[in-house]
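Thanks for coming. I will walk through one model today, piece by piece, so please have the view open.

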Amino acid sequence: MNHDTWQRLKSDPYGMTGLIVVAVFLLIAIFVWSGLLGQGWSDSTGGQYEGIGASHWFGTNLLGQDILQRTLFGTATAFEVGLTVTICSTVLGSIMGGLAGWYAHGWLDEMILWLKGVLDSIPFYLFAAAVAFALQGSPWAMHLAMIVTFWTTTARIIRGEVMRIKEREFIEAARAIGLPGLKTMFRHVLPNTYHILLVQGTIVFVAAINTEVILSFLGLGIKDGVSWGLMLAESSQEVLGGHFGNFIASGTALFILLMGFNLLADALQDAMDTRGSLT
Amino acid sequence: MKVPALKVDDLSVWFDTGSGRIPIVDGISFSINPGDATGLVGESGSGKTMTANAILGLLPGAGMAASANAIEINGKDISGLSATAMRAVLGRDIAMVFQQPATALDPVFTIGQQIDAVYRRHLGGSKSEVRQATLDALDSVGFSQAEDIASAYPHQLSGGMRQLSMIAMAMVCKPAVVIADEPTTALDNSTRTLILQQLKNLQSRHQTAILFISHDLSVVSQICRDVMVMYCGRLVETTDCESLFSHARHPYSAGLLSCIPQISDKRPAPISSIPGQIPNATALPPGCHFAARCNRCEPHCLESVPKLDFENGRGAACFRPL
């Protein structure tokens with residue numbers, strides 16, 4: 001990201017709000033990972049369904065576990081899933097999209113498009129359930145299911161962008177100084193798609209967190225630990241009995257984080273859109 | 001006799017279609033000595049850029065093919081080299097300066113990073129040696145603050161500065177030959193003069209041979225000693241600039257010269273142009289390609305192709321030269 005982009009982002013109040021929200025949640029996640037926060041998520045420290053109070057700010061659940069601790073720990077889970085899925089599917093998507101675009105209309109392009117078409121045609125939750133079943137309770141089943149389905153969108157966008165960029169004169173110039181074709185693609189074409197990857201990455205991040213919640217709710221997600229999705233799944237039974245602690249804590253945290261990410265994604269898109277400012 | 005820096009022997013480029021070959025460049029031969037600059041002029045579509053691309057082995061698109069008896073750089077034939085061997089030559093022995101400096105530089109890397117990459121690829125060296133070569137190259141095209149330019153992104157520079165950076169990039173490995181494809185067309189007049197001056201400096205300092213492609217005879221006359229006039233893929237006249245301006249032998253060259261508007265205090269003459277149009281490349285006439293537009297045309301001209309006929313080192317492909 002260059003200086004001008006940062007300046008434009010800084011002058012966008014919505015974007016900055018989003019950035020601060022995301023940063024605060026990331027900080028919480030880092031504290032959880034380093035063992036400073038949320039470590040008591042599985043300890044029964046109180047009675048069943050305690051209300052909001054000084055010792056348990058958001059109350060406790062059925063087993064007397066502190067809901068605040070569980071919400072904080074869920075933040076780390078959300079970031080763990082979001083980051084893993086975003087990084088892997090963006091790397092995979094940009095390589096596949098890059099190859100498809102560089103060899104557009106060739107056999108490799110056909111293969112990649114075919115693979116993409118197949119993956120896109122499978123209903124996602126069915127696919128995730130199949131992967132989870134095939135891997136028999138592996139903690140990575142959910143990540144894998146998301147990575148192999150999420151890369152296709154990134155690949156489609158990158159393919160089109162690569163086809164556009166490869167016709168530009170600096171690619172011809174790279175050939176004229178003796179750079180081999182595929183190296184040109186990785187050195188000069190893909191780096192020119194970074195603004196798209198960054199924006200697409202934030203969108204994938206939001207989708208990953210969202211999907212984790214839904215999959216965990218369905219029992220296909222997090223196996224070891226706690227996530228906002230698991231808390232929402234618990235709350236679906238509890239709200240009928242008038243216990244709103246899990247529902248409010250995890251729902252609010254999820255809503256604020258996703259809102260922050262969406263604001264950031266929008267602002268990034270505007271800040272990095274250099275079309276028209278390049279002469 | 002000196003070994004020419006660039007020697008092209010019988011270069012042809014054509015486009016293959018289902019119904020046959022469309023010639024784009026039709027058997028042209030020339031050579032440029034070290035330290036000389038030769039202009040290649042002609043109208044748009046006459047095959048100038050394709051000549052450059054064919055020399056570099058970089059023909060765009062499918063269906064295009066080229067052949068040549070020889071393309072020699074300092075006596076070494078590069079026409080039969082494999083793609084891998086050719087990549088070692090490109091940028092080191094022969095380099096190109098493009099027409100649009102705005103788009104020929106990668107927008108996401110600094111000028112320095114891009115010039116570094118060329119030097120590192122061909123000559124290698126430690127990080128500081130590579131950067132020193134880059135700064136020397138930027139310095140040699142007249143930038144007084146080479147380090148500032150090296151750390152700038154292309155969009156932070158003006159068109160002229162970008163083109164000077166392109167020239168620095170082309171010169172960083174001190175190649176024997178530089179092909180400049182209309183390097184000043186996108187620039188204003190004063191910048192153009194500056195660019196031409198820097199090209200001239202570099203040429204005399206490193207004894208680089210320059211093939212200068214342009215449609216602008218006045219620009220060519222500023223930098224080149226010799227000039228080749230191209231029409232429909234053929235060289236119609238090769239001569240030195242002075243003789244071309246004082247006494248063009250081919251009617252097409254004479255026509256081009258008369259198209260340059262004259263400023264005088266007399267009542268302005270109407271701006272002249274060459275009558276007719278460039279013939280369609282898919283249906284070229286069998287004889288002289290210029291015959292249909294030529295006021296000296298004879299029946300003979302429509303039937304057979306005139307060869308470049310040399311007289312005191314000046315060649316014209318015409319049966320009835322002026």
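Start with Lys174 of chain B. Is Lys174(B) buried, exposed or partly exposed? Lys174(B) has 18 other C-beta atoms within 10 Å. Being buried takes 20 or more, and being exposed takes 12 or fewer, so Lys174(B) counts as partly exposed. Keep in mind that this is a predicted model. To find Lys174(B), look in the loop between α6 (159–171) and β8 (177–181) of chain B. The backbone there has a positive phi, near 50°, and the residue is not a glycine. For background, most residues other than glycine have a negative phi.

Now a second case in chain B. Cys232(B) also has a positive phi, near 50°, and is likewise a residue other than glycine. Cys232(B) sits in the loop between β10 and β11 (234–240) of chain B. As for its surroundings, Cys232(B) has 24 C-beta neighbours inside 10 Å, so Cys232(B) is classed as buried.

Strand β10 leads us to the sheet. In which order do the eight strands of the open sheet in chain B lie? The order is β7-β8-β9-β3-β10-β11-β13-β12, with mixed pairing. At the edges are β7 (94–97) and β12 (309–311) of chain B, each of which pairs on one side only. From one strand to the next, the twist averages 20°. Within this sheet, β3 (residues 37–41) and β10 (residues 226–231) of chain B run parallel and are joined by four bridges. One spot to look at is Gly39(B), which stands opposite Val227(B) in β10(B).

Next, chain A. Chain A has eleven helices and zero strands. Of its 279 residues, 44% are buried. Take the contacts in chain A between residues at least 6 apart in sequence: 67% of these join residues at least 24 apart.

Let us go to one helix, α2 of chain A, residues 13–33. From first C-alpha to last, the 21 residues of α2(A) reach 30 Å, close to the 30 Å expected at 1.5 Å a residue. Which residues of α2(A) are buried? They are Gly15(A), Gly18(A), Val22(A), Ile28(A), Ala29(A) and Val32(A). Viewed down the axis of α2(A), these buried residues fall within an arc of 155°, so they line one face of the helix. On the face of α2(A) turned away from the buried side are the exposed residues Pro13(A), Ala23(A) and Leu27(A). The cover over the buried residues of α2(A) includes α1 (3–10), α3 (67–102) and α11 (245–272) of chain A. Just after α2(A) comes Gly35(A), with a positive phi of about 80°.

Another helix of chain A is α7, residues 169–176. Six of the eight residues of α7(A) are buried, so the helix is largely enclosed by the rest of the structure. Among the buried ones are Phe170(A), Ile171(A) and Arg175(A). What do the buried residues of α7(A) pack against? They pack against α6 (141–165) and α8 (181–189) of chain A, together with α1 (48–56) and β7 of chain B.

That brings us to the two chains together. In all, 20 residues of chain B are in contact with 16 residues of chain A. On the chain B side, α2 (83–89) and α3 (111–122) each supply at least two residues. By class, that side has 13 nonpolar, four polar and three charged residues.

Notes: Residues numbered from 1 in each chain as written. Chains lettered and ligands numbered in written order. Predicted model: local features only at pLDDT ≥ 70, side-chain atom pairs only at ≥ 80, totals over all residues. Contact = placed C-beta atoms within 7 Å. Pairing = 2+ DSSP bridges. Axes fitted to C-alpha atoms, helices over the stretch in contact; angles between N-to-C directions. Expected span 1.5 Å × (residues − 1). Arc of directions from axis to C-beta. Nonpolar A, V, L, I, M, F, W, Y, C, P; charged D, E, K, R; others polar.
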